[in-house]
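Me: I am new to this structure and would like to learn how to read its features one at a time. Could you take me through them slowly?

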Amino acid sequence: MNDELKQWLEMLRSPDVNDRLVAVKTLQHLGEEETIDALIIALKDENVAVQKIAISALWEIANPVAIPALIECLSSTDTDVRTEAASALNELITQDDLLLLLDKIQSDDINTKLNILVLLRKIHDIQSLPHILPFLQANNPELREATITTLRYLNQLENCPQALDLIIDESAVVRRATALTLGHLKDTEVIAKLNQALTHDSDWQVRRNAAKSLAIHANHQAISALTIALGDENWQVRKASAQALQTIFDIKVMPKLIQALTDEYADVRKEAVIALGNLAHPDVINPLQQALDDPDKEVAIQAQRAIQKIQINI
């Protein structure tokens with residue numbers, strides 16, 4: 001180790017916080033692996049600014065030896081420190097760190113649990129499942145939301161009966177996340193639960209997310225609920241429902257889709273035009289021709305494309 005580096009490491013132990021700030025910033029700039037041990041010690045500095053810069057320095061050096069110490073920062077009482085550590089870990093962790101993360105998620109600290117649930121989405125290993133399933137029943141809604149979201153990222157997860165009832169959770173945030181996760185599950189009750197959420201949930205974001213998931217499933221059992229949702233009071237729900245109907249071809253939805261061509265929101269009209277084009281039925285040509293005069297240019301362009309698509313297939 002050269003004398004210059006020794007000087008900065010000594011200053012990092014100074015009782016003066018300004019000296020320590022100068023030292024840690026310089027060490028960050030130098031980016032030498034020889035400073036890793038000192039930077040790890042600085043993660044426990046009494047000053048949060050020093051802690052945060054030390055995290056950034058270790059992040060830039062990118063040596064996996066710092067990962068356990070960075071994980072400890074996830075339980076910091078300072079939001080900025082936790083956020084910086086989580087960002088660093090999101091780039092540094094690999095599959096090799098899975099067992100370490102699963103061990104730490106058993107911590108009593110809520111912030112550690114929440115951040116590790118997010119980090120597990122990067123590894124997306126199905127081995128995480130038994131370790132995180134109990135959190136679906138947690139008293140903390142933030143923890144339930146993080147857990148149901150993480151399930152969405154796990155490879156090979158097709159069925160998860162423990163997740164289904166969260167679509168009626170008391171927290172709207174949890175229900176929103178659940179509605180999206182159900183789009184990736186194949187349990188037999190999924191379509192019925194999404195249909196129920198789409199037509200009855202009081203939160204419009206839950207209804208919109210349910211429509212998005214039904215688009216992924218493209219299941220005819222959703223036709224009735226999606227058709228009802230075309231009349232939803234919220235335009236984002238109507239738009240998502242029209243998008244879902246682009247993937248499920250059923251002539252029964254044609255009248256409601258034609259009605260949607262007069263929706264006050266151009267986004268809804270555009271998605272309805274595309275859905276009608278996908279139906280490829282000659283009876284939709286006249287309504288689509290009227291849409292050629294739509295005040296929104298994108299709607300008119302999509303109507304022209306839909307007409308040409310149908311005429312080619314007739």
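This is a predicted model: local features need pLDDT of at least 70, side-chain atom pairs count only at pLDDT 80 or more; totals for chains, interfaces and linings use all residues.

Me: How is a helix defined, and what is the expected span of a helix?

Reply: Helices are DSSP runs of H or I with at least four residues, numbered from the N terminus, and the expected span is 1.5 Å times one less than the number of residues. For the 14 residues of α18 the span should be 20 Å, and the end C-alpha atoms are 20 Å apart, which agrees. After α18 comes A280, whose phi is positive, near 55°.

Me: At what angle do the axes of α16 and α18 cross?

Reply: Axes are lines fitted to C-alpha atoms, for helices over the stretch in contact, and angles run from 0 to 180 degrees between N-to-C directions. Helix α16 (residues 235–245) and helix α18 (residues 266–279) have axes that come within 8 Å and cross at roughly 15°. That makes α16 roughly parallel to α18, since angles under 35 degrees count as roughly parallel, over 145 as roughly antiparallel, 65 to 115 as roughly perpendicular and the rest as oblique. The crossing is left-handed, a word used if the near helix is turned anticlockwise from the far one by less than a right angle, with right-handed used if clockwise.

Me: Which residues meet between these two helices?

Reply: Contact means heavy atoms within 4.5 Å. From α16 come W235, R238, K239, A242, Q243 and L245, which meet D267, V268, E271, A272 and A275 of α18. By class, this contact has six nonpolar, one polar and four charged residues, where Ala, Val, Leu, Ile, Met, Phe, Trp, Tyr, Cys and Pro count as nonpolar, Asp, Glu, Lys and Arg as charged, and the others, Gly among them, as polar.

Me: Where is L245, and what does L245 touch?

Reply: L245 is in helix α16 and is buried, with a relative accessible area of 1%. Not counting residues up to four places away in sequence, L245 touches I223, L226, L230, V253, L257 and A275.

Me: How do α6 and α8 pack?

Reply: Helix α6 (residues 79–92) and helix α8 (residues 110–123) pack at an angle of about 25°, with their axes 10 Å apart, and are therefore roughly parallel to each other. Here α6 passes α8 in a right-handed crossing. The contact is made by R82, A86, L89, N90, E91 and L92 of α6 with N111, N115, L119 and K122 of α8.

Me: Which helix holds A211, and is A211 buried or exposed?

Reply: A211 lies in helix α14 (residues 204–217), and at 0% relative accessibility A211 counts as buried.

Definitions and conventions
Residues are numbered from 1 along each chain as its sequence is written. Side-chain values use heavy atoms; hydrogens and water are left out. Buried means under 20% relative accessible area, exposed over 50%, partly exposed in between (1.4 Å probe, protein chains only).
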